[in-house]
Amino acid sequence: MAADPVLEKEFPDTFFHPRRATTAAALRRGVARGDIRPGADIDLLLDMLASTTYYRVLFGHLPVTPGLAGDVVSVIMAGVATDRWRTVHEAHS
């Protein structure tokens, strides 16, 4: 993107920012619902959710697998989930 000024603008405006906004809204709903701790750093969570895929695509050291998204969410929720969320989801595991 650095070599193409049009792509440098269009990619973030068309793909990156809209997807980040919808995911941020979903995380905020999780906070409002009591699933994610109040005060959780939404920007950091957004970066953590996306970075594994970007890292694997850019460097190719490991595959992007069908279960990767679920695995990443599980690890993240281990750190930010409320006790209420854990109780509900541990009962279904």
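## Salt bridges

Five salt bridges are found in this structure, each one a side-chain nitrogen of Lys or Arg within 4 Å of a carboxyl oxygen of Asp or Glu. This is a predicted model, where local features need pLDDT of at least 70 and side-chain atom pairs count only at pLDDT 80 or more, while totals for chains, interfaces and linings use all residues. Residues are numbered from 1 along each chain as its sequence is written, and side-chain values use heavy atoms, leaving out hydrogens and water.

Take a look at aspartate 35, which is buried at 9% relative accessible area (buried means under 20%, exposed over 50%, partly exposed in between, with a 1.4 Å probe and protein chains only). Aspartate 35 pairs with arginine 33 at 2.5 Å, N to O, and with arginine 84 at 3.2 Å. Arginine 84 sits in helix H4 and aspartate 35 in the loop between H1 and H2, so their bridge ties together parts 49 residues apart in sequence. Helices here are DSSP runs (H or I, at least four residues), numbered from the N terminus.

## The nonpolar core

The largest nonpolar core has 14 residues, and Met77 is among those touching the most other members. Such a core is a set of buried Ala, Val, Leu, Ile, Met, Phe, Trp, Tyr and Cys residues joined through side-chain atoms within 4.5 Å. H3 contributes the most, with five residues.

## Confidence

The protein chain has a mean pLDDT of 93; pLDDT is the predictor's confidence in each residue, from 0 to 100.

Technical notes:
Helix = DSSP H or I, 4+ residues; strand = E, 2+ residues; numbered from the N terminus.
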